[in-house]
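I opened this notebook to record a few local features of one chain. The entries follow the order in which I looked them up.

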Amino acid sequence: MPRISSPGPSGDAADPASTAAGWTCRPWASAAVFGEPVPLEVSRWRVAPAARTPDIPLGETESLAYVIAGSGTASASPPDAAGEPFAVSTESVLWLPACDSLTLEAGLDGLDVLVARSTAPAADGGFPAVRKAFAAAELPHLVSTRDTRDRLDLVTENVPVGARAIRADRIIYHPGDTAAAHYHTDCHHVFCVLAGSGLLYDGERAHRLEAADSALVGPGEVHWFENDRAAEFSFVEFWAPPPAQTIWTVPGDRCTWAPAT
């Protein structure tokens with residue numbers, strides 16, 4: 001059964017010191033959020049125009065930052081060979097393995113950023129230490145061949161960064177879109193809802209998800225989504241670790257994707 005977390009009406013509340021400094025942070029997905037083990041931590045950072053965050057701990061694991069909205073710069077520690085901050089904008093992605101921390105500084109339009117990191121032990125050979133910044137136009141953009149869903153790959157086999165512990169994409173369900181029922185044999189599937197409202201099915205029940213909610217589906221748990229509303233429903237989804245096998249439970253019904261034109 002999915003585990004769902006909703007921030008509630010005060011979910012974005014922050015301590016007065018951080019608000020005065022121009023930033024807020026909210027845990028979005030983690031073992032503490034869901035009340036059970038999951039090898040991933042996700043937080044949401046909102047930064048006012050021209051404000052700067054403190055150092056955001058990354059723990060020297062596989063980490064990524066996805067810009068939900070806005071623009072600015074991001075600096076990782078320790079600095080890389082270039083020694084310069086990354087420029088970031090809406091739907092850009094930073095891949096930051098083996099980094100201690102990340103600092104965000106917003107431009108004149110502010111920043112809204114999802115930061116995710118693996119909490120799993122490093123595989124043999126450690127985490128690949130190649131940092132990379134991707135503008136939205138550089139990421140694979142796919143469309144569903146089953147309905148009208150829109151997918152932007154953030155860290156997948158199509159994004160060559162050598163990720164071992166995390167896989168992620170941003171997906172938009174247009175009104176009426178629905179995925180095929182399936183499960184993953186060996187990974188935790190985590191969803192952080194960006195906008196809209198939709199239904200998460202577990203094979204027996206439908207669970208309503210709203211913007212800012214998060215959900216966890218465990219290994220072997222059947223699930224699929226439907227957008228039953230008139231507005232777009234979008235979320236970032238993570239697999240931790242990337243699944244070795246996905247099982248489609250209805251014969252002949254599966255999700256496939258093609259490059260957007």
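Is alanine 50 buried or exposed? I found alanine 50 exposed, at 54% relative accessibility; buried means under 20% relative accessible area, exposed over 50%, and partly exposed in between, with a 1.4 Å probe and protein chains only. I note that this is a predicted model, in which local features need pLDDT of at least 70, side-chain atom pairs count only at pLDDT 80 or more, and totals for chains, interfaces and linings use all residues. Residues are numbered from 1 along each chain as its sequence is written, and side-chain values use heavy atoms, with hydrogens and water left out.

Entry on backbone angles. I placed alanine 50 in the loop between S3 and S4; strands (E, at least two residues) and helices (H or I, at least four) are DSSP runs numbered from the N terminus. The phi of alanine 50 is near 70°, a positive value in a residue other than glycine. I also looked up alanine 98, in the loop between strand S7 (93–95) and S8. Its phi is near 60°, likewise positive, and alanine 98 is partly exposed, with a relative accessible area of 30%. Most residues other than glycine have a negative phi, and most peptide bonds are trans.

Entry on cis peptide bonds. I recorded one from serine 77 to proline 78, with omega near -5°. Proline 78 sits in the loop between S5 and strand S6 (86–89). A cis bond also joins alanine 240 and proline 241, with omega about -5°; proline 241 belongs to the loop between strand S19 (233–240) and strand S20 (246–248).

Entry on strand S8. I found 15 of the 18 residues of S8 (residues 101–118) buried. Strand S5 (residues 63–77) pairs with S8 in the antiparallel sense over 13 bridges, where pairing requires at least two DSSP bridges between the strands. Alanine 76 has leucine 102 as its bridge partner in S8. Strand S4 (residues 56–57) runs antiparallel to S8 and is joined to it by 2 bridges; proline 57 stands opposite serine 101.

Entry on cysteines. I counted 0 disulfides, taking a disulfide as a pair of cysteine sulfur atoms within 2.5 Å. Cysteine 192 is buried, at 0% relative accessible area. Cysteine 255 is in no disulfide either, the nearest cysteine sulfur, that of cysteine 187, being 15 Å away. I found cysteine 255 buried, at 11%.
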